[in-house]
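Please read the points below beside the model.

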Amino acid sequence: MVEQLVREGFLRTPEVIEAFRKVPREEFVPPHLRRFAYEDHPLSIGMGQTISAPSMIALMLESLRVERGQKVLEVGTGSGYNAALLAELVTREGRVVSMERLPPLASFGRENLRRTGYDWVEVVVGDGSCGYEPGAPWDRILVTACSPDFPPPLLEQLRVGGRIGAPIGPLYHTQIWKVAEKRKEGLHVESFSPCSFVPLVGKYGFRRT
């Protein structure tokens, strides 16, 4: 999988490539789907949620430019796979907090992280569209569910010079993966690939699915 993603240009930087090599993706999908873990497409993890295709996750992490020692907030824990990759990138010198609105899914992700040695990642149950003020300001914010726009609380909690990535667009239609860098003079937004994500449900996302 890693070699294919490198050949296709999704994986580029040594740090992200190494993170993909280290994190066992099969440990973050339901047992009956483990044989498909390294295929390049999304997989269901229950409760209407998915683990994204490896190529999409590679694009997300490469565009976010996560660095060692940073504080990162993830919105949408899911299976915990993205959080594990983030943990590899920031190392124990940094901090990863992942928010999940569905308690059973938070437990699933937390257990996967514990079992694979990433128990130091904090999984918090709550409305991720409101961010996580106790850890702010954040160096990076990764949103793994689509939103009409970047949620204002997340922008407020982002450090100047920090980056936030999210799939922006309408519910149940094609969205665009966008990354915004917070500068003193305002946001600098880059648009990347079309994508399709489950909705960010919350006060500053979609009110219902």
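Leaving aside its neighbours within four places in sequence, which residues is N112 in contact with?

1. N112 is in contact with E27, F28 and S79, its neighbours within four places in sequence being left aside; contact means heavy atoms within 4.5 Å. The residue is found in helix α5 (residues 103-115). N112 counts as buried because its relative accessibility is 3%, where buried means under 20% relative accessible area, exposed over 50% and partly exposed in between, with a 1.4 Å probe and protein chains only. Helices (H or I, at least four residues) and strands (E, at least two) are DSSP runs, numbered from the N terminus.

2. On the source: this is a predicted model, in which local features need pLDDT of at least 70 and side-chain atom pairs count only at pLDDT 80 or more, while totals for chains, interfaces and linings use all residues. Residues are numbered from 1 along each chain as its sequence is written, and side-chain values use heavy atoms, with hydrogens and water left out.

3. Strand β7 (residues 158-168) is mostly covered, with eight of its 11 residues buried. Strand β6 (residues 138-143) pairs with β7 in the parallel sense, over four bridges; two strands pair if DSSP finds at least two bridges between them. L142 has G165 in β7 as its bridge partner. Between these strands the chain passes from β6 through helix α6 (residues 152-157) to β7, and this β-α-β crossover is right-handed, that is, with the strands pointing away from the viewer, the path from the first strand over the helix to the second runs clockwise.

4. β7 also pairs with strand β8 (residues 175-183), in the antiparallel sense and over six bridges. P167 stands opposite W177 in β8, and the bridge partner of A166 in β8 is K178. β7 and β8 form a hairpin with six residues between them, and G169 in the turn has a positive phi of about 155°.

5. β8 and β9 (186-195) pair in the antiparallel sense over eight bridges. I176 has P194 in β9 as its bridge partner. A hairpin joins β8 to β9 through two residues.

6. The largest pocket holds about 560 Å³ of space. A pocket here is an open set of points on a 1 Å grid over the protein atoms alone, where a 1.4 Å probe fits, with protein on both sides within 12 Å along at least five of seven lines; lining residues have an atom within 4 Å of a point. Grid points are joined across faces, edges and corners, and the volume is the space filled by probe spheres set on the points. This pocket is lined by 39 residues, of which T50, S52, T144, F197 and V198 lie nearest its centre. Elements that give two or more residues to this lining are β2 (49-51), α3 (54-64), β3 (71-75), α4 (81-90), β4 (95-100) and β9. α3 gives the most, with four residues.

7. By class, the lining of the largest pocket has 21 nonpolar, 15 polar and three charged residues. Ala, Val, Leu, Ile, Met, Phe, Trp, Tyr, Cys and Pro count as nonpolar, Asp, Glu, Lys and Arg as charged, and the others, Gly among them, as polar.

8. About 250 Å³ of space lies in the second largest pocket. It is lined by 14 residues, and E15, V16, V66, E88 and L89 are the closest to its centre. The elements that give two or more residues to this lining are α2 (14-22) and α4, and α2 gives the most, with five residues. By class, the lining of the second largest pocket has four nonpolar, two polar and eight charged residues.

9. Most residues other than glycine have a negative phi, and most peptide bonds are trans. A136 and P137 are joined by a cis peptide bond, with omega about 0°. P137 has its place in the loop between β5 (122-125) and β6.

10. Positive phi values also call for a look. M47, in the loop between β1 (43-46) and β2, has a positive phi near 55°. M47 is partly exposed, since its relative accessible area is 45%. R65, in the loop between α3 and β3, likewise has a positive phi near 55°. At 46% relative accessibility, R65 counts as partly exposed.
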